[in-house]
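This report covers a helix pair, a ligand shell and one further residue. The sequence and structure come first.

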Amino acid sequence: MKALVLESKKNLSLRDFPITEKTGPYDVKIKIQACGICGSDVHYYLEGAIGDFIVREPMILGHEAAGVIIEKGDKVTNFEIGDIVCMEPGIPKPLSGEVLAGMYNIDPDVVFWATPPVHGCLRETVVHPSQFCFKLPKGMSAAEGAMIEPLAIGIEAAKKARIQPGDTALVVGCGTIGTICAISALAAGCSKVFISDVKQEKLDIAGSYANIVPVNTAKTDLREFIMKETNGVGCGIIFEASGSPRVYPDFFRCAKKGAKVVLVGMMNGTVPIDVAYLQGMGITIETIFRYINCFDRAVALVNAGKIDIKRLISKTFKFDDAIAAYEYAAAGHPDVVKVMIDLT
Ligand SMILES: NC(=O)c1ccc[n+]([C@@H]2O[C@H](COP(=O)([O-])OP(=O)(O)OC[C@H]3O[C@@H](n4cnc5c(N)ncnc54)[C@H](O)[C@@H]3O)[C@@H](O)[C@H]2O)c1
Ligand SMILES: [Zn+2]
């Protein structure tokens, strides 16, 4: 079938790729309609690797997708042919210790789309377990469905933050994930979310949402600003979503006593943390890795109008132009959040 294949570092081709997949009793076959480009896809494209995950064989890219069910196994009772669904891209091993402990997100044997050697879903069809498919309500587009995967990260972060009604939050880093954490925090009950970055174009996009207050830390001292805006109290919820070691440990100084801090941004290496300060402030640190049971929540919030996810789709390319879409995403335009590929 036709697929976008990463042949090797910086070498993409849109070509016929031999894939034979059988639809098992609990599986559905989906004709892909929309697929987003993620930071990790761009990383594999430009560098051929992320940490220990190295692209050694041609690999199909893409893991943020939605499409229409065209075939289903005989044990699938909750979907019909013609349903539009989005898909959770990582399938854990059913009886792994992590799954049994309720942490399927950190199962080391997870089979996750477009993580070498596993092929992604930027192709004509995929076969997927129905348990990891989520029906899109009437009126929700496949492109919005493809945004559910990155949105699920924000929902997981909001869950871990244990937000209470009326909390004030700070998000450090206004990339795709930071912006998604901010809109998720609002949907989870925050009254106001500050978001910091050094790139004004990114901040302008996040700042277009009501109750998100951008802070350009190239011009403004973050702690001074937050303390002034919160009458010297600080923020009860903080998400670190830049992945930059340079923001550590300063952003902790924006915390309110008893704050919950969720580390979302990933990095190689270590950062300094002032333990005595954190203890004295009663700060709780949480981490997230991907998501656990968040897709249905994300779909419900978009459907309820509590999250406008469409606004983050900056540009859409047709499948035939998928290589140009990747080049565009890799160029890192500051005013671009999500690049979408339309396969209809
Ligand atoms: N925990 C998870 O499951 C998970 C999932 C997806 C992504 N991530 C991580 O989240 C992070 C963000 O991902 P993204 O796709 O939004 O990346 P991105 O590059 O789009 O966004 C990062 C943003 O941080 C900003 N930034 C960098 N240094 C800064 C500084 N010193 N002060 C303020 N802002 C600064 C950048 O300008 C950029 O806008 C990455 O580290 C990524 O690996 C984690
Ligand atoms: Zn992604």
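The crossing of α4 and α5 is right-handed, meaning that the near helix is turned clockwise from the far one by less than a right angle. This is a predicted model, in which local features need pLDDT of at least 70, side-chain atom pairs count only at pLDDT 80 or more, and totals for chains, interfaces and linings use all residues. Residues are numbered from 1 along each chain as its sequence is written, while chains are lettered from A and ligands numbered from 1 in the order in which they are written.

Helices (H or I, at least four residues) and strands (E, at least two) are DSSP runs, numbered from the N terminus. The axes of α4 (residues 148-161) and α5 (residues 176-187) come within 8 Å and cross at roughly 55°; axes are lines fitted to C-alpha atoms over the stretch in contact, with angles from 0 to 180 degrees between N-to-C directions. The two helices are therefore oblique to each other, the class left after under 35 degrees (roughly parallel), over 145 (roughly antiparallel) and 65 to 115 (roughly perpendicular).

Around ligand 1 there are 27 residues, the closest being Gly173, Gly175, Ile177, Gly243 and Ser244; a residue counts if its C-beta atom, placed from the backbone, lies within 6 Å. Helix α5 gives the largest share of this shell, three residues.

The classes are nonpolar (Ala, Val, Leu, Ile, Met, Phe, Trp, Tyr, Cys and Pro), charged (Asp, Glu, Lys and Arg) and polar (the others, Gly among them).

| Class in the shell around ligand 1 | Count |
|---|---|
| Nonpolar | 11 residues |
| Polar | 11 residues |

Glutamate 47 is located in helix α1 (residues 39-47). Its C-alpha lies 5.7 Å from that of lysine 9, at a sequence separation of 38 residues.
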